[in-house]
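Here's a friendly walk through a protein model. Take a look at the structure first, and then we'll go through some of its details together.

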Amino acid sequence: MSTVEAPLYPIAVLIDELKNDDIQLRLNSIRRLSTIARALGEERTRSELIPFLSENNDDDDEVLLAMAEELGVFIPYVGGVEHAHVLLTPLETLCTVEETCVRDKAVESLCKIGSQMRENDLIEWFTPLVKRLAAGEWFTARVSACGLFHIAYPSAPETLKTELRSIYGQLCQDDMPMVRRSAASNLWKFAGTVESAHLKADIMQMFEDLTQDDQDTVRLLAVEGCAALGKLLEPQDCAARILPVIVTFSQDKSWRVRYMVANQLYELCEAVGPEPIRTDLLPAYVRLLRDNEAEVRIAAAGKVTKFCQILSPELAIQHILPCVKELSLDSSQHVRAALASVVMGMAPVLGKDATIEQLLPIFLSLLKDEFPDVRLNIISKLDQVNQVIGIDLLSQSLLPAIVELAEDRHWRVRLAIIEYIPLLANQLGVGFFDDKLGGLCMQWLQDKVYSIRDAAANNLKRLAEEFGPDWAMQHIIPQVLEIANDSHYLHRMTLLRAISLIGPVLGSEITCSKLLPVVVNASKDRVPNIKFNVAKVLQSLISVVDQSVVEKTIRPCLVELSEDPDVDVRYFAVQGLQSIDQVTMSS
Amino acid sequence: MSNGGAKAAVASVGAPQPLDWKFSQVFGERTAGEEVQEVDIISAIEFDGTGDHLATGDRGGRVVLFERTDTRDYAGHWRDLEKMDYPMNRHPEFRYKTEFQSHEPEFDYLKSLEIEEKINKIRWCQSANGALFLLSTNDKTIKFWKVQEKKVKKVCDMNVDSSKAMGNGPIVDSSISTSSKQFIENGGCIRNDFSFPTGGFPSLHLPVVTSLETNLMARCRRIYAHAHDYHINSISNNSDGETFISADDLRINLWNLEISNQSFNIVDVKPANMEDLTEVITSAEFHPKHCNMLAYSSSKGSIRLIDMRQSALCDTHSKLFEEQDDPGTRSFFTEIIASISDIKFAKDGRHILSRDYMTLKLWDINMDSGPVATFQVHEHLRPKLCDLYENDSIFDKFECCLSGDGLRVATGSYSNLFRVFGCSEGSTEATTLEASKNPTRRQGQTSSRPCRSLGSLSGVVRRVKGANNLGVDANGNTSDFTTKLLHLAWHPTENSIACAASNSLYMYYA
């Protein structure tokens, strides 16, 4: 047992706690591994700390995860890239644990280290590690191996490259579906490092094997990577090798596979060029838009704008638009909602005429949809529509939809529409807003649900910011201040909340002349909750108004409240008085 | 040895000889007159995929693991060695490995409902790195367990004088850890004021861990909760190694093993109006090979096969298996006894075995016109259905199992009896065994009634009738409805059965 001099004590404790019984302390130590390494020096880090960590592999997952992450940036602490290979040993062990997130992190760290290692070191240390993992007894090692080939491959000599390709091929046919899944999802990474000739032969063979796997989940991942893989190939090769697979997949028995195709199709289009898009991918996409599984239609509908952007307007109008019409009447509300969130983007692609003639009716019918999410999705993209068709045409249909949403019986829907009110105000302009929406904004202040009242107060603040103090004085303040006479104390409380938010926006003058008297008046309310909220609001207004007003109006009012019979009122009043004193002292 | 080829080969030679069952082991045997504690009653039995481990769950929420001992001497290629050296005279033997408390009794305050700790089902998952993984469930909550040998840590040679700490007991110990927490939280005292010499501080060293012994540790890795409004009756792993399902009375949910906070509802049979409810889900299982297929059984005696590829919500089945009952024999009990208590896929994935109150039925998933074989288990109880209804026994849920080679099926009965039937072409094997050290005690009576095969003309549908009035045996004894053998499991590769008689686990081999 040694004793440690005082300045080193914290580090000594940190080191000791690598083996503490308390997991939190072990975690802390692992997170500070770089400190420990610096305290030990590079040489002892290599000779003692790293072997120590390598044996530390039966710890809790949280600790292992932190260790895997720390080791990824550990090269400086072991003496630079020429010693980087010592880090491989502990990470290799971590690549075999059962917890996926630990393995993933270990693989990520290995990739980080491998990409910095010198070529000879890669051949001497990294590639053997990949081969060991790929031949691992447990599937966990083999799963991890798949994510490392793209690091090992480029620097390997020719014979080794052949071997690595063949090992990867075996992993693609492993007995365990988990390994095949990992091989499928990492294939495009590996493919990116393989020479073009082998890419066309070996890698494409693996790809084809994976696409014929009898486990849905493997095929699914093969689809996921095919766009990335396609981009590595020449367009004509992509059209010849990948395209047929995708077209087949778009008619796969499994809806999950088709769902994946619907998500990936657009990216693949970028890889194949215009002609195959027209002949193969467009029909496939149209089929997916009309798929009998709603999930697939949701995915396809969500890509409708992106897809239109790569087509000519004629093709889009001829083939996609009819589907969009059908989707706008789809039996699944989620399909309609997905469509509503992107359909606005089609307008610039189709041009003004086609938009008004064909898209507008769709758009209006979605705006009248019985499902609130659909309407909300349209309203959230209002700026896009406005650009194309102008607000006049829109306002007739827009307003009923907004009014309906504003009164929806689900408060979350009301909340969502309130969030969009400043956007609407911005798009519609002052005049339109005053006529139609002003009343709604006031109505929300007296909603049954607190969250709505709170959001409504916030909304007023944002409107005041948008349209300026003069407008607010004219259109908001009189109506708001009227609430002071409301018989319901919760409504009166909302008023106070609104005042505390609007005050800073409107500035000192209006606050003093209009808002403050109402607040002071409210301090004589019979309900204690109102009174202590008055105290809170006054406190928040201290910074808004002049010092003189503070002394003349706010302080007396707070003093009076500080003698209130209610303990909470007194408490907040005293808090307010204290803030006044602080402001006075500091100024 | 488990595929159809073997089966065909056997069939061409003729039906295999009936197995001669022998007692192998018993765990938790009761002494005469010993009273059984409710919590000790076994409620689930399951072999893992290799047959090297066996798990039981009980009403007290405990899971007990057993490991195979007869093959342990040959690490690595024991299976090959075994086949070469010991062709016949070995049978699976198990020993107690470990146990852990999987579930505790709980109270759902929102619904004012007690949640029992009883383990309803156990399913083994893929093992990795020498650790065992299993899922266990009670009525509401599924848990994912990892059982692993962990080194017993003995840390010595600390930097901070630990002898002093040890000498002064836990008080000093805790003061060290709190002060270190402070350092860590402050952090700066190391980072800012320190310059590290290039060689490091020689006085610092890493703690040394000496550990020679290991300890089996069970750790709950994930809890899949709050997804079932009704009682979970089954869980089943998918062949993709990634997902599993859990089924309650009205719904089946699909989970990813790694994600415990969300599941997908794939089957929902709950009617809009609960008064229209006529049928509940009683059991569900994934196909052993096709990750997209699963089957579930219902209280109306039907089995539905589902293809998850067709749709995200699998409310429509792709195949329906049910047997139309003869309208002439309908009675008040017809529907109750038609309820299927358990289904199991055969290893080949082509057959499904189902158990209802009276029979075992074997179905071919390519033939939905009717079962390929029906085995009478409780026919002798038909006259007593009224009594059985009165004492609720008619609602007992008997499990069933298939041998790894698919040639035989087994299920439990009353009086701690269980029955094994041969289901290969032309087999008339029907053995009744008692869960005791002398399993064939009763065989004299049953073998005196030769099994009769009622093969139909096509030769596809056959019915095997065994002893059909077991209830009133030669001594005039009636079945003991209080001792029932509900849970049993067949070893995946060998002819070995584990079955639960109350709190005792009996194992037999042939």
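Let's start with one pair of residues: B:Thr56 stands opposite B:Val64 in E4(B). The strands around that spot are strand E3 (residues 53–58) and strand E4 (residues 62–68) of chain B, which run antiparallel and are joined by 5 bridges. Strands here are DSSP runs of E with at least two residues, helices are runs of H or I with at least four residues, and both are numbered from the N terminus. Two strands pair if DSSP finds at least two bridges between them.

Zoom out a bit and you'll find an open sheet of 4 strands in chain B, with the order E2-E3-E4-E5 and antiparallel pairing. Strand E2 (42–47) and strand E5 (94–101) of chain B are its edge strands, each pairing on one side only. On average, neighbouring strands of this sheet are turned by 20° against each other, direction ignored. For such angles, axes are lines fitted to C-alpha atoms (for helices, over the stretch in contact), and angles run from 0 to 180 degrees between N-to-C directions.

## Where the model comes from

This is a predicted model, in which local features need pLDDT of at least 70 and side-chain atom pairs count only at pLDDT 80 or more, while totals for chains, interfaces and linings use all residues. Residues are numbered from 1 along each chain as its sequence is written, chains are lettered from A and ligands numbered from 1 in the order in which they are written, and side-chain values use heavy atoms, with hydrogens and water left out.

## Another sheet in chain B

Chain B also has an open sheet of 4 strands in the order E26-E27-E28-E29, again with antiparallel pairing. Why do strand E26 (400–402) and strand E29 (430–434) of chain B each have one side without a neighbour in the sheet? They stand at the edges, so each has a single partner strand. The twist averages 20° from one strand to the next.

E26(B) pairs with strand E27 (residues 408–412) of chain B in the antiparallel sense, over 3 bridges. Within that pair, B:Leu402 stands opposite B:Val409 in E27(B).

## Chain B as a whole

Chain B contains 8 helices and 34 strands. Of its 510 residues, 52% count as buried. That word means under 20% relative accessible area, with exposed meaning over 50% and partly exposed in between (1.4 Å probe, protein chains only).

Two residues in loops have a positive phi without being glycine. B:Ser112 has a phi near 55° and is found in the loop between strand E6 (106–108) and strand E7 (113–115) of chain B; its relative accessible area is 56%, so it is exposed. B:Asp392 has a phi of about 70° and is found in the loop between helix H7 (385–390) and E26 of chain B. With a relative accessible area of 48%, B:Asp392 is partly exposed.

How many disulfides does the structure hold over all chains? The number is 0, where a disulfide is a pair of cysteine sulfur atoms within 2.5 Å. Take B:Cys125: the closest cysteine sulfur, in B:Cys220, is 12 Å from its own, too far for a bond. B:Cys499 is in no disulfide either, as the nearest cysteine sulfur, that of B:Cys401, is 9.0 Å away. B:Cys125 counts as buried at 12% relative accessibility, and B:Cys499 counts as buried at 0%.

## Where the two chains meet

The contact (heavy atoms within 4.5 Å) takes 59 residues from chain B and 62 residues from chain A. The two chains bury about 5300 Å² between them, 54% of it on carbon and sulfur atoms. Buried area is the accessible area (1.4 Å probe) that two parts lose on being put together, summed over both. In chain B, B:Leu204, B:Leu206 and B:Arg309 lose the most area to chain A, together 14% of what that side buries.

There are 8 salt bridges across this interface, each a side-chain nitrogen of Lys or Arg within 4 Å of a carboxyl oxygen of Asp or Glu. One of the salt bridges in the structure links A:Glu98 with B:Arg221, whose closest N and O atoms are 3.9 Å apart.

## An enclosed helix in chain A

Helix H23 (residues 372–380) of chain A has 7 of its 9 residues buried, so it is largely enclosed by the rest of the structure. Among those buried residues are A:Val374, A:Leu376 and A:Ile378.
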